[in-house]
Every structure is written in structure tokens, then in C-alpha cells.
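This report covers charged pairs, the chain contact and the nonpolar core. Please look over the model below before reading on.

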Amino acid sequence: MTFESDGILTSGRRIILEPITIEHYEFLYDLFIDEDINFHWRLAGLVPPKRTFQRTLWDAVLCQFVVLNRNDMKPAGLVQSYKADLHLGHAYVGGAFIRAAQRTGIPIEGFRVFIDYLLSTWSLRKLYFEYPGYNEPQFASLSRLPIVKEASLVDYGYFNGRYWDWTIFTLDVKHIQERE
Amino acid sequence: MTHLDADHSLVSPSRSGRWVKLAPVDDHYMKFLYGLVVKQPHDFHWLFSSTVPNWEIFVSVLLERLSLPFVILAQTDSRPIGFVSLYNLRLDSGVSHFGICIEGSLQGSGIGTEALWLHLKYCAAKWNIRKFYGEIPEWSVQNIRSHLNKEFVEEGRLRDHFYRDGRYWDCIIAAYTPAQRSL
């Protein structure tokens with residue numbers, strides 16, 4: 001199920017952004033609680049029962065999509081925008097991808113198409129990315145985007161026996177829009 | 001901090017200071033608090049994004065989404081003059097954000113500072129919180145500049161994050177670590 005009406009694209013060369021339906025819940029649950037994927041910061045380290053997870057999947061979320069790999073049309077990850085303040089024109093962007101999809105170009109294209117969707121749909125001035133230090137390798141591909149570090153909260157999160165810094169980056173929306 | 005007194009009984013930190021005292025959020029304070037949000041929405045940016053929610057949302061957020069919220073009362077006549085609370089509490093890593101709002105006429109008087117220290121002292125004694133974070137709008141910095149330099153460390157600055165009076169303002173993320181200073 002894709003929707004590409006009114007000129008708003010939700011697909012790229014390698015990926016399709018698919019709206020979340022009940023069929024995706026199993027995939028998403030596994031993605032959120034997978035220790036290697038490390039997306040569990042959105043759950044603050046908790047592993048909730050499936051029913052609780054499904055009920056809270058949209059808490060504080062502006063919009064989110066499952067990212068499909070065009071090669072096999074299977075889910076490769078999730079992109080989401082949360083903690084949005086449409087009055088002030090900013091929102092957070094996050095995502096997670098299965099191990100097999102990492103370093104394939106799929107995550108960066110998923111984020112790029114999703115960001116284009118966000119900027120086409122809402123009047124957003126700033127997009128924030130936040131992640132704990134232990135997720136830094138997964139976000140390495142973001143360095144290809146015009147992002148600026150605006151905060152580094154020292155020892156903010158706890159994982160695997162130690163505290164980690166929490167970094168907040170801002171995407172230069174003007175730069176993206178001028179590029180287009 | 002909580003400590004043992006001479007006969008080894010546990011003494012809780014006081015919620016009462018020279019100018020203010022902290023009272024639990026009781027039903028009869030709700031109208032005062034809602035009025036404060038209506039009059040000073042920008043001082044509640046941390047709770048309602050500088051908007052005025054309807055009464056039902058206001059009550060549910062106040063009762064369900066906050067940790068250790070207190071009404072700030074004047075010591076002299078027990079009149080409510082403000083509100084202080086924790087939010088985004090993460091006991092797994094021992095961090096929390098705090099928010100505070102004082103009636104406009106009392107801002108810059110030092111009363112808000114006393115209320116905040118009373119609150120942080122109380123929270124640090126009750127729970128194992130290593131760091132407290134404030135998201136401080138640039139327009140408020142003047143009121144607390146001396147504290148920013150001494151007790152707080154600026155760990156982030158979100159550029160043009162807020163909007164007020166026809167322009168955008170930065171959001172300063174300032175951290176306070178109780179262990180670095182005896183409360």
C-alpha cells in the first residue's frame with residue numbers, strides 16, 4: 001500500500017515508505033526490542049508486552065512509516081517523526097533498520113525520502129536527530145546530511161554497564177530546500 | 001540532602017524556605033495553575049509548548065505526566081505564586097528535566113531561585129537523580145545568568161527553538177549535578 005498523490009513521494013530507487021498496518025506489528029516489535037539494533041532508547045530500555053507496545057506505538061509520534069526494500073518488498077526498518085511542535089516548526093526524526101539493511105544505502109535513502117515527505121507536508125524549520133553514544137555507528141551515514149551538533153548531554157543515558165552522552169543534531173532545512 | 005539526625009532517625013529535606021514553601025498539587029489550586037498557564041503561556045513552554053490547552057487536557061497532563069509537582073506558596077500568607085515540577089524523569093539513568101513558573105510580578109526577585117533549589121534538593125533526596133536539566137529560553141537567561149555560570153553547565157543550545165515577541169530565541173539546555181555542589 002503506497003500513496004503518491006498530490007506530488008508527495010514516498011518511494012525512492014531502493015525503498016518504499018509504507019504506512020503501518022497491523023501486519024507490521026510483529027516486525028516492529030522485534031525491531032524495537034532487538035539489543036543489536038539498539039532502537040530501545042525509544043522504550044528507555046524496557047521490553048514491554050506486545051499489547052502495550054502496540055498501544056503506545058503512536059505516542060508522541062507525528063508520522064511514521066515502515067521502510068520496504070524494493071528488492072524483496074520486505075520490511076527493512078522504520079522511520080518516524082516524534083516530539084513535533086508544529087507551532088514552532090520543529091520535530092525530531094528517528095529510525096532503525098535491521099542488520100542486513102545497514103550499510104546498504106537503504107537507511108540513508110529511507111531518511112532522505114522521509115525528510116522530503118516531512119518538509120512537503122508540514123511547515124518545519126528544524127529537524128532534530130537525537131541518539132545515545134552507543135548508537136553512533138548506526139548514525140554515521142547521517143554525516144552525509146547537512147547536520148550541526150547543537151547539544152551533547154554528558155552521561156545522560158545508561159546502557160551496558162556505563163553512562164553515555166546523548167547528542168542532538170539539527171538538520172539545516174534551508175540547505176535541503178535550496179538544494180531542491 | 002536527607003540525613004540521620006543525632007538519634008539516627010531519618011530526616012527528610014524541608015519543602016519550606018525563607019520566602020516560599022512547596023505544597024502538593026491539590027484540587028483547590030487547579031484554577032490558580034490554569035490561570036497561570038493562560039497568563040504566562042511562554043513560561044510553560046516545557047509543558048504545553050507555549051500554548052493554552054483546554055481544561056481537561058491541562059488537568060490530565062498535570063496529574064498524569066509529571067513527577068513530584070508542587071505549587072509554590074508565599075511563606076507569608078500561603079498564597080499560591082507559582083509551580084515547579086520534574087518531567088522526562090528517567091530513573092534508569094538518573095536524569096530528569098525540571099520546569100518552573102513564577103508569577104510575572106515576582107520574576108527576578110530571587111523567589112523563583114529559592115523555590116527551585118528547595119525542589120531540586122527535595123527531589124535529589126527522594127530519588128537517585130544524578131543530573132537535572134533545564135530547557136531555558138534565551139529570554140529568561142538574564143534572570144538566572146549568575147546561576148548559569150556557577151551551578152549550571154550549558155550542555156546544548158538549540159538555535160531559534162522558541163518564538164516570542166516577533167522573533168526566534170535559542171533554547172539553552174543547562175545541567176545541574178547535585179554531587180558537584182552540596183545542596
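Is Glu155(B) buried or exposed, and at what relative accessibility? Glu155(B) counts as buried, because its relative accessibility is 13% and the cut-off for buried is under 20%. The model is predicted.

Glu155(B) forms a salt bridge with Lys131(B). The closest N and O atoms are 2.7 Å apart. The two residues come from distant parts of the chain. Glu155(B) sits in strand S8 of chain B, residues 152–164. Lys131(B) sits in strand S7 of chain B, residues 131–137. The separation is 24 residues.

Lys131(B) is buried too, at 6% relative accessibility.

## Other salt bridges

The total over all chains is 14 salt bridges. In chain A, one of them joins the side chains of Lys50(A) and Glu26(A), with an N to O distance of 2.7 Å. Lys50(A) belongs to helix H2 (residues 50–56) and Glu26(A) to helix H1 (residues 25–33), so the bridge ties together parts of chain A that are 24 residues apart in sequence. Lys50(A) is partly exposed, with a relative accessible area of 35%. Glu26(A) is partly exposed as well, at 44%.

In chain B, the side chains of Arg90(B) and Asp92(B) meet in a salt bridge of 3.3 Å, N to O. Arg90(B) is buried, at 15% relative accessible area, whereas Asp92(B) is partly exposed, at 36%. Chain B also holds a salt-bridge network that links Glu154(B), Arg157(B), Arg159(B) and Asp170(B).

## The contact between chains

The size of an interface is often given as the accessible area lost when the parts come together. Here, the area buried between chain B and chain A is about 1800 Å². Carbon and sulfur atoms give 53% of it. On the chain B side, Arg90(B), Glu155(B) and His161(B) lose the most area to chain A. Together they account for 26% of what that side buries. The contact takes 20 residues from chain B and 20 residues from chain A.

How many salt bridges cross the interface of chain B and chain A? The rule finds zero. Polar contacts do occur: 14 residue pairs between the two chains, both residues at pLDDT 80 or more. On the chain B side, the elements giving two or more residues are strand S6 (95–102), S7, S8 and strand S9 (167–176) of chain B. S8(B) supplies the largest share, nine residues. By class, the chain B side that touches chain A has seven nonpolar, five polar and eight charged residues.

## The largest nonpolar core

In soluble globular proteins, nonpolar side chains tend to be buried together. The largest nonpolar core in this model has 31 residues. Leu17(A), Val79(A), Phe114(A), Leu127(A) and Phe129(A) touch the most other members.

Methods
Residues are numbered from 1 along each chain as its sequence is written. Chains are lettered from A and ligands numbered from 1 in the order in which they are written. This is a predicted model: local features need pLDDT of at least 70, side-chain atom pairs count only at pLDDT 80 or more; totals for chains, interfaces and linings use all residues. Side-chain values use heavy atoms; hydrogens and water are left out. A salt bridge is a side-chain nitrogen of Lys or Arg within 4 Å of a carboxyl oxygen of Asp or Glu. Helices (H or I, at least four residues) and strands (E, at least two) are DSSP runs, numbered from the N terminus. Buried means under 20% relative accessible area, exposed over 50%, partly exposed in between (1.4 Å probe, protein chains only). Contact means heavy atoms within 4.5 Å. Buried area is the accessible area (1.4 Å probe) that two parts lose on being put together, summed over both. A polar contact is a pair of N or O atoms within 3.5 Å; within protein, one must be able to donate a hydrogen and the other to accept it, and residues adjacent in sequence count only if both atoms are side-chain atoms. Ala, Val, Leu, Ile, Met, Phe, Trp, Tyr, Cys and Pro count as nonpolar, Asp, Glu, Lys and Arg as charged, and the others, Gly among them, as polar. A nonpolar core is a set of buried Ala, Val, Leu, Ile, Met, Phe, Trp, Tyr and Cys residues joined through side-chain atoms within 4.5 Å.
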